[in-house]
Amino acid sequence: MHCLRLFLTIIFLAWNVSSANAAPQRPNIILIVADDQGYRDLGCFDGEEIKTPNLDRIAKDGVRATSFYVTWPACTPSRSSILTGRYPQRNGLYDMIRNDMVNYGHRYSEVEYALSPEMTLGMDLREITIGQVLQKAGYTTGVVGKWDGGQARRYLPLQRGFDFFYGFANTGIDYWTHERYGIHSMFRGNQRTKEDQGQYATDVFRREAMRFIQDNHRKPFFLYLPFNAPHSASNLEKDSWQVPEKYLKLYSEPKSKREEIRVKYMAMVTCMDEAIGAILDQLKELGVDNNTLVMFFSDNGGGGAANNHPLRGAKGDMWEGGIRVPFIARWPGVIPAGTVTDEFITALELFPMFVNAAKARLPKGVHYDGFDMLPVLQGKTKSSRLEMFWERRLDRAARVGQFKWVQAGKGGGLFDLSKDIGEKNDLSAEKPEVLAMLKARFESWKNEMDAAEPRGPFRDY
Ligand SMILES: [Ca+2]
């Protein structure tokens, strides 16, 4: 009898120890990405007029990173790096997949669209996505929202390491019709679907994300949730800023056309924020919120309706306003609550961080451009990132330590970000040796990218 009691006590203690240690082990991972949200368009990033109580809740429960960068100042290449952990110039997807003729009023027929770049180009099939790695490690993987990695079947999420997909695969749609310039674009799995036509895209993505979590919360899951909000709509009517009335009512009546656009944009953000709040509540209700890593950032800097203050420039630019984005992360018990880091980190750090958190392994023989930044988010270590490079056609930029060099159609110069986050004071003449060093570092990176094994769709090989 005594022995049995001792045995039970040991079992009980062992169980207690293992459950106390269970939280940091193989967490669920939810990666939420906004489309074109400004650096200051969150309450927790000093946004005064915008209502984002749930994003602020993530920051309050976790960390806010103020020097987080994406790899490109617009959608497709930035997202390619999230999925592959590699520079766009290395994974091959270093420009937009887009039918530009719509800009000149051209309307595609379905037959013509089927042959167009939007339909036929995609991320090189030799690239290994984070979905593939986590799926292999036993995670259930899902994508809800904007895939933007190619929409021919071979490029769709179900063929790229994901068990579940609901969303669109091109770069933008009308929020209500789910058409892209007249072409119906919503998918469930590999099939286009009209089941939700007429329903607001953000609401539909909220429902599908919650379904995925409900169905898969009993074992580790990875949910990639890239909203198209608050990007403008891609429709022939140029009815750009679409949002349900109830979110508009949360803001005061606009007094000018400019204010009207701003208010609609803010309401789109608030609608997305509410969806994120519903997901946070759901995690708690299901009892998995302590074992779920939730992250949020914008795929590139804010566009015309956004506020990127105090950064210079906007989406499309090599200025900080194009590439430095708001980032927040929450993992209770692992990332300390209410903290801020100004360490130099980027979207390239996500892939290795997810792989380590999932106790998986990085694929062999693949060059990764980032590192596991979890200890940085925890405030335990300094970032090991020393430099970062950007290239968009003829525009280029480099950050090495505190210095940033820009050479672009809209201007350029050398800036000390530690004193001049707004890139106002060009130090080119004052610090020629620093300028020369940054240019040399860029050239070295460029040579490395050119020497990398070529990937489609844009490179000539
Ligand atoms: Ca974008």
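This is a predicted model: local features need pLDDT of at least 70, side-chain atom pairs count only at pLDDT 80 or more; totals for chains, interfaces and linings use all residues.
In strand S17, Gly 413 is the bridge partner of Val 406. Gln 407 also has its partner in S17, namely Gly 412.

Step back to the two strands. S16 covers residues 403–408 and runs antiparallel to S17. Six bridges join them. How many residues does the hairpin use to join S16 to S17? The link passes through two residues.

Now widen the view to the sheet. Four strands make it up, in the order S14-S15-S16-S17. The sheet is open, and its pairing is antiparallel. Which strands stand at the edges? They are S14 (387–392) and S17 (411–416). Each edge strand has a single partner strand, so one side of each has no neighbour in the sheet. Neighbouring strands are turned by 5° against each other on average, with direction ignored.

A helix packs on this sheet. It is H14, residues 432–451. H14 touches S14, S15 (395–400), S16 and S17. The direction of H14 makes about 110° with that of S15.

Next, turn to a pair of helices. Two packed helices are described by the angle between their axes and by the distance between those axes. Take H8 (residues 201–216) and H10 (residues 257–285). Their axes come within 10 Å. They cross at roughly 15°. Angles under 35 degrees count as roughly parallel, and H8 and H10 are therefore roughly parallel to each other. Is their crossing left-handed or right-handed? The crossing of H8 and H10 is right-handed.

Which residues meet there? From H8 come Thr 202, Phe 205, Arg 206, Ala 209, Met 210 and Ile 213. From H10 come Cys 271, Met 272, Ala 275, Ala 278, Ile 279 and Gln 282. The residues of this contact divide into nine nonpolar, two polar and one charged.

Finally, follow H10 along its length. H10 has 29 residues. At 1.5 Å a residue, H10 should span 42 Å. Just after H10 comes Gly 287, which takes a positive phi of about 75°.

Technical notes: Residues are numbered from 1 along each chain as its sequence is written. Two strands pair if DSSP finds at least two bridges between them. Axes are lines fitted to C-alpha atoms, for helices over the stretch in contact, and angles run from 0 to 180 degrees between N-to-C directions. Two residues are in contact if their C-beta atoms, placed from the backbone, lie within 7 Å. Angles under 35 degrees count as roughly parallel, over 145 as roughly antiparallel, 65 to 115 as roughly perpendicular and the rest as oblique. A crossing is left-handed if the near helix is turned anticlockwise from the far one by less than a right angle, and right-handed if clockwise. Ala, Val, Leu, Ile, Met, Phe, Trp, Tyr, Cys and Pro count as nonpolar, Asp, Glu, Lys and Arg as charged, and the others, Gly among them, as polar. The expected span of a helix is 1.5 Å times one less than its number of residues.
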